[in-house]
Amino acid sequence: MKPYSLINGQGPVRGFFSDKNVARVALGSLLVAGSLSGCSPLRLLKPGQRLLSRVRVEGTEKADAERLQALVQQKPNSTFPLPKVAIYQLGRSFYNPERLQRKLDAERTEFNQLIKAAGTDSAEVGKLLTKRERHVQRHQLALDKGNAIMRLGEPPVIYDSSLTATSVEQLGTFLKSKGFFRSSVSVTDTVPTRQFAPLRIFTLRSPFHADSQRVTVVYRIQEGPAFRYSQLDYDIADTAISRRVLASQPQSLLRVGHQYDEEQIGAERNRVEDLLKNQGYFDFRQQYITLEADTSFAPTTVRLRTIISKPTRGEQHRLYTVRRVSFITDAGLVRFGRQRDTIIRDSVYYLAYQHKFSTRALNRKLAVRPGHAYSLSNTQLTQRQLANLDMFRFSTVTYRRVRGPEAPADSARGLLDATVNASPAKKFQETSEFGGTYVAERAGPFGNVRLKIRNVFGGAELLEFGLRAGFEGQYSVVGAVGDVTEGRSVLTTQLGANVNLVLPQFLVPWRPNRFLSQYNPRTRFNATYTYVQRPDYTRTNVEGTLDYIWQRSAYHQYVLTPFDVSVIRTAKIDPEFAAYLQTLLIRQGSPLYRSFDNLFVPSFNATSLYNSNDFNETRDARYLRLFAEVGGLTRRLYQDQPLENDPEDLRNNKLKIYDFAKFTADYRRYYKLGPETYLVYRLAGGLAAALSPTRIQNSVTKQVDTGYLIPYDKYLFAGGSSSVRAWKPRRLGVGSATQYKLNPDNPSEELEDENGDPIRDYDLEQPGELLLEGNVEFRFPLYSFIKGAVFTDFGNVWTIRQDPREGAQFKLNNFYRQFAVGSGIGFRFDFTFLILRLDVATKVYDPTAPKNKWAIRKFSLAEDQTAFNLGIGYPF
């Protein structure tokens, strides 16, 4: 369509690019440009002050540029993701410190009068004092750091030449600590600073200008040659210490030819200290270790000597042996006039007023043993294993030197008495959680109640019960089920219960070796019941598992599940819904029909989980989860084919067994760019496939169909708050196949809009056999406990065998064109103990769109374009 023209006689176009709108945009642009040019931070400067505009560190080749940049004392105001100095200036326009001071003085006077009037009423005085303190702190914060808007931004960074000189010193010190002994650092502070301001064009001025109130600081590094170790010597007066240290040389962090590095030297001192403390030297300290560097020999080389001195008294370092171990299982309790009872097991004294814990169970967790040399690692292992039991509020291991007549005559040897103090936690612990969801235009409450019983059988076992109930809004899949009209949402009922029993050792036919206790072995029995009721159907799931859990390290955990059995039954199904599922199966090959069959799913699986991050994800860390499962291998022993299926009444079908294999992998990398700034990416994939074909006979028509079938819950899904966030949970895919709504009155036809085009179905789950997806997210602080994020997600699911839906099957020459892409922003409210998350994501590229797949071109906040995800914790 052409724009309006007086020449061709056409009327004005009623669109964004009409003359009237263009004029408005131009005028608005000029007003915005003028406003921004008037909001320069230079207006905040006092006479003689300059704004730090840019900082650069140049000349680094071998040194760590990021570390050098971090040592600079002054950095310019941040502009990403928000121009914080502009926000500060906006808040300052509303800031009146004189009025705040007057209000603070008035409130102090008012509270002092109220406190005086309260007289001797201590309760009222206490309330007034607390209230006064709260008010005073709020006003004082505003006086010291500005109002809330100013604190959201940043004050302008005023250039300070003394901090620049300090930065030069620290940069030089760092370079020399890394072996650049001939390095030098110089600095220039350029005034005026050349600026590029494109908005100046709107004020008819050049975009380039020199500003005399801005400073650019450039640190120039001259590294010089890097010095390397040419010789590593040891000077150890104590022969016993020397023998141990020299024997550990293969584990040394220092090597001939490596570059001199004081951080590595410090780490080597820690290693030697831990080595000796783990071999009985209880009194040994890092202060006895000195490393001397000599650079006077060959050029750019260092001769490093490790010196371990004797104690100040001139004797040999004493080697300690644990003489006695006492384990107090009720530390903190006092019974006046009564002594604790003592039980001896494996030469360890277990003391308690009343023995509630099995000494055999505790003995397996005790790494500190009588007759063994003192070991720091065994001490820490004991504390960690007792904490992992979840039986005690705290546990400590303390040592007492044996002195006097009981001490050995040999001055080079000593004895220690170890005492393990453990304070028991509450036997019963109840936790409850209540909340609500808003899905499909309906609010649904939910609640969870858990009860934990510690030491239930006396052997440090954990017994947990859980009950959950909730209502959640969902759209009717059929569109009209019973009295539910098309498009109307309904509340579904979800009930569940589970019971867990955790034993603090492996439950095996033979007696496990105590050596395994260092891996924190556990055996877990779990039983779960789930009940889901919708107008379309009622479904139940009963599952039981036996898990063996152990830890290779503090970050790495394994779970082996040799028995995982579940029974899935459809207690009730609406006939119209069953017919709709059958139509989806025939017309589109959708396996949704199989999820309402009655299934018996036996399987075994294994999980490897490595996670070096913490709960709040504040570390530079890695995460890797590998999962493998195989099920239904024994079905030929007790189930003959073909399997009978009654399409008219699914709930009366006998239990079916499918054999399958499933593998998933999830890798995450967390880069810590600053104190609260992170770059995180995630790559995930999975494969689920049937191991052999299954033949199913229709009990009505006697027709036999053959297919590669797996239980519906074992399929792979994409979309949702921890996946591709611009799509609803489990609704992305399959491949580039487009899903259309079917006419509930005639399921063989598709619903059409007023233009005769088929209506897309965004509510139907899209199970796949192959999953590939990834996420990239940049996290940054916004204000106080509020964090922000910008992210991009991509991924999809496919089938791996022939599929009647065009574009649903995975093909090597085409799959990369079928990645769905979504981007968005997120807000996280970090309360330390709880993280609430809101992510807003919109579709950028939709491979299932029938026409234009670049969905971003029709951006809107509609449900089929933009998704709002509420959750607890980070998405990954």
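Let's start at Leu 624, which sits in strand β22, residues 621-631. Strands here are DSSP runs of E with at least two residues, and they are numbered from the N terminus. Before going on, a word on the source: this is a predicted model, where local features need pLDDT of at least 70, side-chain atom pairs count only at pLDDT 80 or more, and totals for chains, interfaces and linings use all residues. Residues are numbered from 1 along each chain as its sequence is written, and side-chain values use heavy atoms, with hydrogens and water left out.

Together with Tyr 555, Tyr 610, Leu 626 and Phe 663, Leu 624 makes a nonpolar surface patch of about 420 Å². Patch residues have over 30% relative accessible area and no salt bridge; nonpolar side chains (Val, Leu, Ile, Met, Phe, Trp, Tyr) are joined within 5 Å, and like charges within 9 Å.

A salt bridge is a side-chain nitrogen of Lys or Arg within 4 Å of a carboxyl oxygen of Asp or Glu. Glu 629 is in β22 and Lys 714 in the loop between β27 and β28, so the pair ties together parts 85 residues apart in sequence. Both Glu 629 and Lys 714 are buried.

Another salt bridge joins Arg 760 and Asp 846, with the closest N and O atoms 3.2 Å apart. Arg 760 is buried, with a relative accessible area of 17%, and Asp 846 is buried as well, at 3%. By this rule, the count comes to 39 salt bridges.

Now to the aromatic rings, where the structure holds 32 pairs. Rings of Phe, Tyr and Trp (its six-membered ring) pair if their centres lie within 6.5 Å; planes under 30 degrees apart are stacked, over 60 edge-to-face, and the rest tilted. Take Phe 785 and Phe 829: their centres are 6.5 Å apart and their planes at 50°, so this pair is tilted. Phe 785 lies in the loop between β28 and β29, and Phe 829 in strand β30, 44 residues apart.

Last, have a look at one aromatic cluster: Phe 794, Trp 798, Phe 810, Phe 815, Tyr 816 and Phe 819.

Technical notes. Areas by Shrake-Rupley, 256 points an atom, 1.4 Å probe, with all protein chains shown as cover. Helix = DSSP H or I, 4+ residues; strand = E, 2+ residues; numbered from the N terminus. Buried < 20%, exposed > 50% of the residue type's maximum accessible area, 1.4 Å probe, protein only.
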